[in-house]
Amino acid sequence: MKIFVTGVNGQLGHDVMNEMAKRGLTGTGSDITEQYGGVQDDSAVCTMPYVKLDITDADAVAQTIEKIQPDAVIHCAAWTAVDMAEDDDKIEKVRAVNAGGTKNIAEACKKLGIKMMYISTDYVFDGQGIKPWEPDCRDYQPMNVYGQTKLEGELAVSSLLEKYFIVRIAWVFGLNGKNFVKTMIQVGKTHDTVRVVNDQIGTPTYTFDLARLLVDMIQTDKYGYYHATNEGGYISWYDFACEIFEKAGMQTKVLPVTTEEYGLSKAARPFNSRLEKKKLVEAGFQPLPTWQDALERYIAALKKEKFL
């Protein structure tokens, strides 16, 4: 099977390419840079085929995908700087990437009659309440520009295609790129205490584990909307930070604060990032390991790569 992957400079795209290589699948990665610009480790993504692609350029997208002739596209590329997306001079660019770029890819997939997988987010919902969001819920009320543009991407995919997967994820961490785990560890090296919100609830997602699921999924015809995070129960960012420092062997003290007390964030953040994942099991897919297990493996990987 031949798969085209966007956003391989990011956390998830990097791991998807590596997962495909493990299975002997043919993969071509793409991103905005001239050459692969992710972490230079010993993984397969550094040696697999790569093409530069600006997904906001409809002609370039169509020509690139038609030339490669993949059996499927896994679309990981996105504007993910949530706070920066709120800047007046950035909104047009964010929409061009998350909505327009996704539409460009969906149109190319439609022309070739191939599968498309779009990676989305819990931010398409309003982030309120305590009930986990169902994959097929259509009560969309994004609370910020990032969420709104990701929703527009979802709608482009679902309106143009029949053979599509829309997979919503949350609280992502991986080896290649910035994330909450790396930030906490860096802060913990220079601070005795750190303030972390305890009223935003969700579940972390390790891209190494998620990549396995996505590659499993793309090889089927079990299309539709899914939610995918690690198992292990719902937690707050405060709970996550405490576990990070414990597993990293650090003595940094974590102080729980409310979102209001924390302040600072330009973009509104969801209080409820709980994603219901039972549809995965119902479709015959293997759930991800617990986030506790994932975090332990991730920190071991950071140490091996000398990031910690």
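This is a predicted model: local features need pLDDT of at least 70, side-chain atom pairs count only at pLDDT 80 or more; totals for chains, interfaces and linings use all residues.
User: OK, at what angle do H1 and H6 cross?

Analyst: Roughly 55°, with the axes of H1 (residues 11-22) and H6 (residues 207-218) coming within 8 Å. Helices here are DSSP runs of H or I, at least four residues, and strands are E runs of at least two, numbered from the N terminus. Axes are lines fitted to C-alpha atoms over the stretch in contact, with angles from 0 to 180 degrees between N-to-C directions.

User: Which residues meet there?

Analyst: On H1, they include Leu12, Val16 and Met20, and on H6, Phe208, Leu210 and Leu214 are among them. Contact means heavy atoms within 4.5 Å.

User: Switching topic: is asparagine 176 buried or exposed?

Analyst: Asparagine 176 is buried, because its relative accessibility is 4% (buried is under 20% relative accessible area, exposed over 50%, partly exposed in between, with a 1.4 Å probe and protein chains only).

User: Where is asparagine 176 found?

Analyst: In the loop between strand S7 (172-173) and helix H5 (180-190). Its side chain reaches the backbone oxygen of asparagine 9 at 2.7 Å.

User: And what does proline 289 touch?

Analyst: Leaving out residues up to four places away in sequence, proline 289 touches Asp209, Arg212, Asn230, Glu231 and Arg297. Proline 289 is in strand S15 (residues 288-290).

Notes: Residues are numbered from 1 along each chain as its sequence is written. Side-chain values use heavy atoms; hydrogens and water are left out. A polar contact is a pair of N or O atoms within 3.5 Å; within protein, one must be able to donate a hydrogen and the other to accept it, and residues adjacent in sequence count only if both atoms are side-chain atoms.
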